[in-house]
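Open the model in your viewer and keep the selection panel at hand. The stops below are given in an order that can be followed by residue number.

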Amino acid sequence: MAALSELRTPRSGPPAVNLPYETGGPDDALVRAAQRGDRAAFGILYARYSRMVHGILLARVPFSDVDDLVHDVFLEALPRLSTLREVSRFPGWLASIARNRATDFHRRVKPNEEFNEETTSAEIESPAPSVNPPTHSSAEAHAVLDAIRSLPDAYREPLILRLVEGMSGPEIAARTGLTHGSVRVNLHRGMQQLREILGRKALPPTGGGL
């Protein structure tokens, strides 16, 4: 399960150096500053929420497309930030943009997928050999990811945020706008179902911070 770290969000995005805010400061102040055009404040928000956005997208879209979509979400959020009246709702607002971006992605690629199914059946039946075959750890990580994605929506997202992005239960609640109790229950039930799917007696503990 340690191989899941291979799926984690990369450290990229707006630079977070010499910023005039404490990285542990309240998000409300950062959101207000970003609304006034402060790019440094937006850079901190990116650093704080990129894992959440990455996890939300990873629960919904192909792994190969996640990184580009993370940037798309923040590029979409930046010009719309001035329309957010209650800055305390920023986490849920940003999460909604990420979920909507995933939905738009599938609407856009569906016609292409249907076309490919009809016109490239021969290629599917006889795929070309991979130039760079996946490593054992990578294959294991994607197998676990597929298992998580087969779970109900309520369990899929918090499990990926916990197991892939390394976020604690309280952090997931704070970043997504969900209640601490609902995150705890969904993680617990999701882990039970994941154990059943993988056929394993033990998975990494969700940690004492739930």
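Select helix 7, residues 153–163, in this predicted model. Its buried residues are Tyr155, Arg156, Glu157, Pro158, Leu159, Ile160, Leu161, Arg162 and Leu163. With 9 of its 11 residues buried, helix 7 is largely enclosed by the rest of the structure.

Stay on helix 7 and pick Glu157. Is Glu157 buried or exposed? Its relative accessibility is 7%, so Glu157 counts as buried. Now show what surrounds it: leaving aside residues up to four places away in sequence, Glu157 touches Ile56, Ala59, Arg60, Arg99 and Thr176. With Arg60 there is a side-chain polar contact of 2.8 Å.

Next, select the nonpolar core. The largest one has 53 residues, and the members that touch the most others are Val53, Leu57, Phe90 and Leu94. Several elements give two or more residues to this core, including helix 3 (63–80), helix 4 (90–119), helix 6 (136–149) and helix 9 (180–198). Helix 2 gives the most, with 11 residues.

Centre on Leu57 within that selection. Not counting residues up to four places away in sequence, Leu57 touches Val66, Leu69, Val70, Val73, Ala98 and Ala102.

Helix 1, residues 27–35, is the next stop. Colour its buried residues: Asp27, Leu30, Val31, Ala33 and Ala34. They lie on the same side of helix 1, because the arc they cover around the axis is only 165 degrees. Just after this helix, select Gly37, where phi is positive at about 95 degrees.

The remaining stops are charged pairs. Side chains of opposite charge can pair when their charged atoms come close. The structure holds 10 salt bridges.

Begin with Glu171 and Arg51, whose salt bridge has its closest N and O atoms 2.2 Å apart. Which elements does this pair link? Glu171 is in helix 8 and Arg51 in helix 2, and the two residues are 120 apart in the chain. Arg51 has a relative accessibility of 24%, so this residue counts as partly exposed.

Move to Arg101 and Asp72, where a salt bridge joins the side chains at 3.3 Å, N to O. Arg101 belongs to helix 4 and Asp72 to helix 3, so the pair ties together parts that are 29 residues apart in sequence. The two partners fall into separate accessibility classes: Arg101 is buried, with a relative accessible area of 14%, while Asp72 counts as partly exposed at 28% relative accessibility.

Stay on helix 4 for Asp104 and Arg107. Their salt bridge has its closest N and O atoms 3.6 Å apart. What separates the two along the helix? They are 3 residues apart, about one turn. Asp104 counts as partly exposed, at 35% relative accessibility, and Arg107 is exposed, with a relative accessible area of 62%.

Methods
Residues numbered from 1 in each chain as written. Predicted model: local features only at pLDDT ≥ 70, side-chain atom pairs only at ≥ 80, totals over all residues. Heavy atoms only, no water. Helix = DSSP H or I, 4+ residues; strand = E, 2+ residues; numbered from the N terminus. Buried < 20%, exposed > 50% of the residue type's maximum accessible area, 1.4 Å probe, protein only. Polar contact = N/O pair within 3.5 Å; in protein donor to acceptor, adjacent residues only side chain to side chain. Contact = heavy atoms within 4.5 Å. Arc of directions from axis to C-beta. Core = buried A, V, L, I, M, F, W, Y, C linked by side-chain atoms within 4.5 Å. Salt bridge = Lys/Arg side-chain N within 4 Å of Asp/Glu carboxyl O.
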